[in-house]
Amino acid sequence: MENMEKEAYAEIESAANLEELENARVKYVGRKSELALELRALKDLPLEKRKAVAPKLQNLRRSIESLLELKKTELSKTKTSGQIDLTRPGIKHRFGHLHPLTIMERKVIDIFSSMNFSVINGPEIETEHYNFDALNIPANHPAREMWDTFWLKPASGNEKHKEKTLLRTHTSPMQVRYMETHTPPFQIIVPGRVFRYEATDASHETNFHQVEGLMVGKDISLANFKYVIEQFLKKMFGPETEFRFRPSYFPFTEPSLEVDIRLVGGREKENDTFRAIAESRKSEWLEVMGAGMVNQKVFEAAHYNPGEWQGFAFGVGLERLAMLKYKIPDIRLFYSDDLRFINQF
Ligand code: PHE
């Protein structure tokens with residue numbers, strides 16, 4: 001029996017596949033195995049002897065059986081892994097996509113962060129004060145017509161909150177909100193969603209995004225603005241990008257200007273999108289942002305000492321940047337649920 005035990009263990013261990021293992025099982029613990037015969041013969045033994053031998057035989061059978069079980073699991077595993085078909089097509093993992101506006105917002109944040117601007121957020125529901133009055137746009141001022149506004153219904157019966165609220169028409173209200181709680185020098189950008197009560201078409205949406213910029217210090221000048229915006233545009237659209245300042249009007253900046261980038265001609269590299277836009281607009285230039293030196297009236301609204309500070313502010317439309325960068329012909333695509341659009345990014 002001792003010999004048989006060693007032999008059985010060795011044979012089970014060396015079984016190369018399930019078939020060999022089954023042969024070993026039949027041979028050592030099968031119904032006709034030596035062990036089975038001995039177990040069956042037990043009943044013919046005298047009681048004393050039976051008591052001595054039976055447990056040993058039963059233990060032996062049990063340990064052979066458990067070794068068989070172990071080996072069987074081991075071989076079953078090798079069996080499957082041995083059968084991996086490397087030519088089968090893999091399981092394709094599906095990943096989500098970042099929305100092009102998110103990509104664009106992150107790019108803008110990256111560029112300004114590298115110039116030490118902090119990123120600030122503000123509320124989408126604003127008061128008339130921050131969106132207009134504090135920015136030198138009093139009620140009945142014709143400049144209010146520059147921003148078609150979604151006014152919100154006042155909460156009925158709430159006499160304490162009489163101030164009119166609206167969906168912010170630009171990110172500029174954050175200028176005064178930020179200045180009220182911070183002392184210069186500082187430089188911030190405010191990315192955010194804005195709303196205009198306008199008819200939609202390929203270049204207008206009721207809902208779009210801006211990035212506001214504000215840098216204030218003792219002697220910040222238009223030259224600082226020119227440098228910062230040059231860095232921004234060249235990092236965004238390439239080192240060849242040309243731009244110009246064109247005089248403009250905003251109640252909260254003085255002087256005010258708009259920044260145009262050159263679409264065709266000049267030193268600018270060949271670019272189909274730019275050329276197509278230039279053709280459709282019949283102009284070599286495209287405005288990308290409004291800007292100017294912060295009007296002293298805005299500093300006054302933030303309770304700064306008159307004449308103590310100066311700075312520049314700008315507001316750039318995120319959709320317009322993304323349309324230029326990714327050749328997107330229609331602003332409405334950003335808010336469509338068309339996956340063929342989103343999947344390209
Ligand atoms: N808020 C202006 C707009 O939405 C843009 C702007 C921002 C202009 C800051 C000047 C300074 O049209």
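Tutor: The largest pocket holds about 1,200 Å³ of space. Of its 44 lining residues, Ser203, Phe208, Glu287, Gly317 and Arg320 are the closest to the centre. A pocket here is an open set of points on a 1 Å grid over the protein atoms alone, where a 1.4 Å probe fits, with protein on both sides within 12 Å along at least five of seven lines; lining residues have an atom within 4 Å of a point. The volume is the space filled by probe spheres set on the points.

This is a predicted model, so local features need pLDDT of at least 70 and side-chain atom pairs 80 or more, while totals for chains, interfaces and linings use all residues. Residues count from 1 along each chain, and side-chain values use heavy atoms, without hydrogens or water.

Now, who builds the lining? E8 gives the largest share, six residues, and E7 is among the elements that supply at least two. Strands are DSSP runs of at least two residues, numbered from the N terminus.

Let's follow E7 (residues 253–262). Eight of its ten residues are buried, meaning under 20% relative accessible area with a 1.4 Å probe, protein chains only. On one side, E7 pairs antiparallel with E6 (residues 243–248) over six bridges; pairing takes at least two DSSP bridges. Arg244 sits opposite Asp260 of E7, and four residues separate the two strands of this E6–E7 hairpin. E7 also runs antiparallel to E8 (residues 285–294), joined by eight bridges, with Ile261 opposite Leu286 of E8.

Note on methods. Buried < 20%, exposed > 50% of the residue type's maximum accessible area, 1.4 Å probe, protein only.
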